Amino acid sequence: MDTVLVCDDDKEIVEAIEIYLKREGLNVLKAYDGAQALEILKKEDVQLLIIDIMMPVMDGIEATKKIRMSSSLPIIFLSAKSEDKDKINGLNIGADDYITKPFNPLELTARVKSNIRRYTSLGSQKDENGNIIKIDGLVINDDNKLVTVDGENVRLTPIEYSILLFLAKNKGMVYSSSQLYEHIWNEKPVDAENTVAVHVRHIREKIEINPREPKYLKVVWGVGYKIEG
(Lines give C-alpha, C1' and ligand atoms only; values in the text may rest on other atoms or scores of the structure.)
Protein backbone atom coordinates (compact mmCIF):
# COMPACT_ATOMS: atom_id res chain seq x y z
CA MET A 1 0.00 0.00 0.00
CA ASP A 2 1.43 3.38 -1.04
CA THR A 3 1.75 6.00 1.69
CA VAL A 4 0.97 9.71 1.37
CA LEU A 5 2.02 12.28 3.96
CA VAL A 6 -0.45 15.17 4.24
CA CYS A 7 0.81 18.33 5.93
CA ASP A 8 -1.41 21.35 6.64
CA ASP A 9 -2.00 23.42 9.77
CA ASP A 10 -5.76 23.19 9.11
CA LYS A 11 -6.70 19.84 10.66
CA GLU A 12 -10.08 19.77 8.89
CA ILE A 13 -8.36 19.92 5.51
CA VAL A 14 -5.95 17.16 6.52
CA GLU A 15 -8.83 14.95 7.66
CA ALA A 16 -10.80 15.62 4.47
CA ILE A 17 -7.82 14.70 2.27
CA GLU A 18 -7.26 11.60 4.39
CA ILE A 19 -10.84 10.46 3.69
CA TYR A 20 -10.45 10.98 -0.08
CA LEU A 21 -7.11 9.18 -0.28
CA LYS A 22 -8.14 6.25 1.89
CA ARG A 23 -11.06 5.66 -0.46
CA GLU A 24 -8.43 5.14 -3.17
CA GLY A 25 -6.64 2.51 -1.08
CA LEU A 26 -3.80 4.76 0.06
CA ASN A 27 -2.25 4.85 3.50
CA VAL A 28 -2.19 8.37 4.99
CA LEU A 29 0.20 9.94 7.51
CA LYS A 30 -0.55 13.40 8.98
CA ALA A 31 1.53 16.40 9.99
CA TYR A 32 0.58 19.96 10.87
CA ASP A 33 3.76 21.91 10.09
CA GLY A 34 6.88 21.43 8.00
CA ALA A 35 9.07 20.37 10.91
CA GLN A 36 6.69 17.54 11.79
CA ALA A 37 6.66 16.47 8.16
CA LEU A 38 10.47 16.26 8.06
CA GLU A 39 10.54 14.11 11.20
CA ILE A 40 7.97 11.71 9.75
CA LEU A 41 9.91 11.44 6.47
CA LYS A 42 13.01 10.39 8.43
CA LYS A 43 11.15 7.45 9.95
CA GLU A 44 8.53 6.36 7.41
CA ASP A 45 8.55 5.08 3.84
CA VAL A 46 6.49 7.71 2.03
CA GLN A 47 5.68 7.77 -1.69
CA LEU A 48 4.26 11.33 -1.91
CA LEU A 49 3.96 14.51 0.15
CA ILE A 50 1.05 16.96 0.00
CA ILE A 51 2.09 20.12 1.83
CA ASP A 52 0.55 23.53 2.44
CA ILE A 53 2.70 26.56 1.68
CA MET A 54 1.72 28.83 4.59
CA MET A 55 2.16 27.15 8.01
CA PRO A 56 3.61 28.01 11.42
CA VAL A 57 6.95 26.67 12.76
CA MET A 58 8.19 25.72 9.27
CA ASP A 59 6.30 26.50 6.07
CA GLY A 60 6.02 24.28 3.01
CA ILE A 61 8.64 26.16 1.04
CA GLU A 62 11.35 25.75 3.68
CA ALA A 63 10.43 22.09 4.21
CA THR A 64 10.61 21.41 0.48
CA LYS A 65 14.03 23.04 0.20
CA LYS A 66 15.33 20.70 2.89
CA ILE A 67 13.71 17.61 1.33
CA ARG A 68 15.17 18.38 -2.09
CA MET A 69 18.69 18.28 -0.68
CA SER A 70 18.49 14.50 -0.54
CA SER A 71 15.24 13.20 -2.02
CA SER A 72 13.24 13.17 -5.28
CA LEU A 73 10.02 12.35 -3.41
CA PRO A 74 7.01 13.77 -5.34
CA ILE A 75 5.70 16.91 -3.66
CA ILE A 76 2.33 18.54 -4.32
CA PHE A 77 1.87 22.05 -2.94
CA LEU A 78 -1.51 22.97 -1.50
CA SER A 79 -2.31 26.66 -1.16
CA ALA A 80 -5.14 29.17 -1.08
CA LYS A 81 -3.08 31.36 -3.39
CA SER A 82 -3.94 31.05 -7.06
CA GLU A 83 -1.61 33.64 -8.61
CA ASP A 84 0.84 32.35 -11.19
CA LYS A 85 3.83 33.74 -9.26
CA ASP A 86 3.01 31.54 -6.26
CA LYS A 87 2.69 28.45 -8.42
CA ILE A 88 5.97 29.15 -10.21
CA ASN A 89 7.72 29.87 -6.91
CA GLY A 90 6.62 26.47 -5.65
CA LEU A 91 7.83 24.72 -8.78
CA ASN A 92 11.10 26.65 -8.67
CA ILE A 93 12.06 25.25 -5.29
CA GLY A 94 11.30 21.67 -6.28
CA ALA A 95 7.57 20.93 -6.12
CA ASP A 96 6.22 18.55 -8.77
CA ASP A 97 2.67 19.84 -8.81
CA TYR A 98 0.40 22.50 -7.35
CA ILE A 99 -3.25 22.45 -6.32
CA THR A 100 -5.23 25.50 -5.25
CA LYS A 101 -7.74 25.53 -2.41
CA PRO A 102 -10.63 24.89 -2.58
CA PHE A 103 -9.74 21.80 -4.58
CA ASN A 104 -11.73 19.18 -6.43
CA PRO A 105 -11.30 15.82 -4.61
CA LEU A 106 -11.27 13.92 -7.90
CA GLU A 107 -8.54 16.16 -9.31
CA LEU A 108 -6.50 15.83 -6.13
CA THR A 109 -6.66 12.03 -6.03
CA ALA A 110 -5.92 11.78 -9.76
CA ARG A 111 -2.79 13.89 -9.42
CA VAL A 112 -1.68 11.98 -6.34
CA LYS A 113 -1.95 8.62 -8.11
CA SER A 114 -0.27 9.95 -11.25
CA ASN A 115 2.73 11.29 -9.31
CA ILE A 116 3.04 8.09 -7.28
CA ARG A 117 3.11 6.03 -10.50
CA ARG A 118 5.99 8.14 -11.81
CA TYR A 119 7.89 7.87 -8.53
CA THR A 120 7.37 4.12 -8.25
CA SER A 121 8.53 3.68 -11.84
CA LEU A 122 11.58 5.88 -11.24
CA GLY A 123 12.58 3.85 -8.21
CA SER A 124 12.06 0.40 -9.71
CA GLN A 125 15.09 -1.73 -10.42
CA LYS A 126 15.40 -4.35 -13.15
CA ASP A 127 18.18 -6.66 -14.20
CA GLU A 128 17.66 -6.22 -17.93
CA ASN A 129 19.91 -3.90 -19.84
CA GLY A 130 17.94 -3.18 -22.97
CA ASN A 131 16.27 0.21 -22.81
CA ILE A 132 19.28 2.49 -22.96
CA ILE A 133 19.34 5.79 -24.84
CA LYS A 134 22.74 7.33 -25.57
CA ILE A 135 23.04 10.87 -26.90
CA ASP A 136 26.70 11.80 -26.87
CA GLY A 137 27.62 11.99 -23.16
CA LEU A 138 24.01 11.76 -21.98
CA VAL A 139 22.91 8.22 -21.11
CA ILE A 140 19.38 7.30 -19.99
CA ASN A 141 18.91 3.74 -18.76
CA ASP A 142 15.15 3.25 -18.60
CA ASP A 143 15.51 -0.23 -17.10
CA ASN A 144 16.87 1.08 -13.81
CA LYS A 145 15.82 4.73 -14.32
CA LEU A 146 19.39 6.04 -14.15
CA VAL A 147 20.66 9.13 -15.94
CA THR A 148 24.33 9.93 -16.35
CA VAL A 149 26.17 12.76 -18.08
CA ASP A 150 29.80 12.05 -18.96
CA GLY A 151 29.73 9.18 -16.49
CA GLU A 152 28.36 11.22 -13.57
CA ASN A 153 25.00 10.26 -12.05
CA VAL A 154 22.22 12.84 -12.29
CA ARG A 155 19.34 12.81 -9.81
CA LEU A 156 16.04 13.87 -11.38
CA THR A 157 12.55 14.12 -9.94
CA PRO A 158 9.94 11.82 -11.54
CA ILE A 159 8.51 14.70 -13.59
CA GLU A 160 11.95 15.77 -14.79
CA TYR A 161 12.85 12.21 -15.72
CA SER A 162 9.60 11.75 -17.65
CA ILE A 163 10.16 14.93 -19.66
CA LEU A 164 13.78 14.07 -20.46
CA LEU A 165 12.97 10.48 -21.42
CA PHE A 166 10.09 11.52 -23.68
CA LEU A 167 12.18 14.10 -25.54
CA ALA A 168 15.15 11.72 -25.79
CA LYS A 169 12.96 8.98 -27.25
CA ASN A 170 11.82 11.52 -29.83
CA LYS A 171 15.23 13.06 -30.47
CA GLY A 172 15.17 15.96 -32.88
CA MET A 173 11.41 16.45 -32.74
CA VAL A 174 10.03 19.70 -31.32
CA TYR A 175 7.19 19.64 -28.82
CA SER A 176 5.27 22.65 -27.57
CA SER A 177 4.65 23.20 -23.86
CA SER A 178 1.03 22.10 -24.30
CA GLN A 179 2.04 18.92 -26.11
CA LEU A 180 4.59 18.06 -23.42
CA TYR A 181 2.05 18.75 -20.69
CA GLU A 182 -0.50 16.43 -22.31
CA HIS A 183 2.09 13.65 -22.75
CA ILE A 184 3.66 13.91 -19.29
CA TRP A 185 0.75 14.92 -17.08
CA ASN A 186 -1.84 13.03 -19.16
CA GLU A 187 -4.40 15.79 -18.77
CA LYS A 188 -5.61 18.96 -20.42
CA PRO A 189 -2.90 21.67 -20.30
CA VAL A 190 -3.21 24.07 -17.36
CA ASP A 191 -0.71 26.95 -17.35
CA ALA A 192 1.45 24.63 -19.44
CA GLU A 193 3.98 27.19 -20.66
CA ASN A 194 5.13 28.33 -17.21
CA THR A 195 4.96 24.87 -15.64
CA VAL A 196 6.96 23.12 -18.36
CA ALA A 197 9.49 25.98 -18.56
CA VAL A 198 10.33 25.62 -14.87
CA HIS A 199 10.87 21.86 -15.10
CA VAL A 200 12.95 22.23 -18.28
CA ARG A 201 15.16 24.77 -16.53
CA HIS A 202 15.71 22.35 -13.67
CA ILE A 203 16.65 19.57 -16.09
CA ARG A 204 19.13 21.85 -17.86
CA GLU A 205 20.74 22.81 -14.56
CA LYS A 206 21.35 19.12 -13.89
CA ILE A 207 22.43 17.77 -17.31
CA GLU A 208 24.09 20.74 -19.02
CA ILE A 209 27.63 21.98 -18.36
CA ASN A 210 26.41 25.46 -19.28
CA PRO A 211 22.60 25.75 -18.99
CA ARG A 212 22.69 29.09 -20.83
CA GLU A 213 24.20 27.33 -23.85
CA PRO A 214 22.62 23.88 -23.67
CA LYS A 215 24.08 20.98 -25.57
CA TYR A 216 21.15 18.60 -25.20
CA LEU A 217 17.85 20.19 -24.17
CA LYS A 218 17.19 23.09 -26.51
CA VAL A 219 14.46 25.67 -26.99
CA VAL A 220 13.07 26.38 -30.43
CA TRP A 221 11.83 29.88 -29.74
CA GLY A 222 8.13 30.34 -30.24
CA VAL A 223 7.67 26.62 -30.94
CA GLY A 224 8.81 24.38 -28.10
CA TYR A 225 11.56 22.04 -26.88
CA LYS A 226 13.70 19.26 -28.29
CA ILE A 227 16.66 17.03 -27.46
CA GLU A 228 19.76 17.25 -29.65
CA GLY A 229 23.22 15.79 -29.42
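Biologist: On a 1 Å grid over the protein atoms alone, a pocket is an open set of points with protein on both sides within 12 Å along at least five of seven lines, and lining residues have an atom within 4 Å of a point; so which residues lie nearest the centre of the largest pocket?

Modeller: In this predicted model, the largest pocket is lined by 16 residues, and those nearest its centre are Ala197, Arg204, Val219, Trp221 and Tyr225. Its space comes to about 330 Å³, where a volume is the space filled by probe spheres set on grid points joined across faces, edges and corners.

Biologist: And which elements give two or more residues to that lining?

Modeller: They are helix α8 together with strands β10 (217-220) and β11 (224-227), and α8 gives the most to the lining of the largest pocket, with six residues. Helices (H or I, at least four residues) and strands (E, at least two) are DSSP runs numbered from the N terminus.

Biologist: OK, what is the volume of the second largest pocket, and what lines it?

Modeller: The second largest pocket has a volume of about 290 Å³, and among its 15 lining residues Arg118, Ser121, Tyr161, Ser162 and Leu165 lie nearest the centre. At least two residues of that lining come from each of the helices α5 (105-123), α6 (158-169) and α7 (177-185).

Biologist: Back to α8 then: at what angle does α7 pack against it, and how far apart are the axes?

Modeller: The axes of α7 and α8 are 9 Å apart and the packing angle is about 75°, with axes being lines fitted to C-alpha atoms over the stretch in contact and angles running from 0 to 180 degrees between N-to-C directions. That makes α7 roughly perpendicular to α8, a label for angles of 65 to 115 degrees.

Biologist: Which residues meet there?

Modeller: On the α7 side they are Ser177, Ser178, Leu180, Tyr181 and Trp185, and these meet Ala192, Glu193, Thr195, Val196 and His199 in α8, contact meaning heavy atoms within 4.5 Å.

Biologist: Changing topic, where is Lys134, and how far is it from Ala37?

Modeller: Lys134 is found in strand β6 (residues 132-135), and it counts as exposed because its relative accessibility is 65%. Between Lys134 and Ala37 there are 38 Å in space, C-alpha to C-alpha, for two residues 97 apart in sequence.

Biologist: Which conventions should I keep in mind?

Modeller: Residues are numbered from 1 along each chain as its sequence is written, and side-chain values use heavy atoms, with hydrogens and water left out. For this predicted model, local features need pLDDT of at least 70 and side-chain atom pairs count only at pLDDT 80 or more, while totals for chains, interfaces and linings use all residues.

Key:
Buried < 20%, exposed > 50% of the residue type's maximum accessible area, 1.4 Å probe, protein only. 1 Å grid on protein atoms, 1.4 Å probe; cavity = no way out; pocket = protein on both sides within 12 Å on 5 of 7 lines; lining within 4 Å. Parallel < 35°, antiparallel > 145°, perpendicular 65-115°, else oblique.
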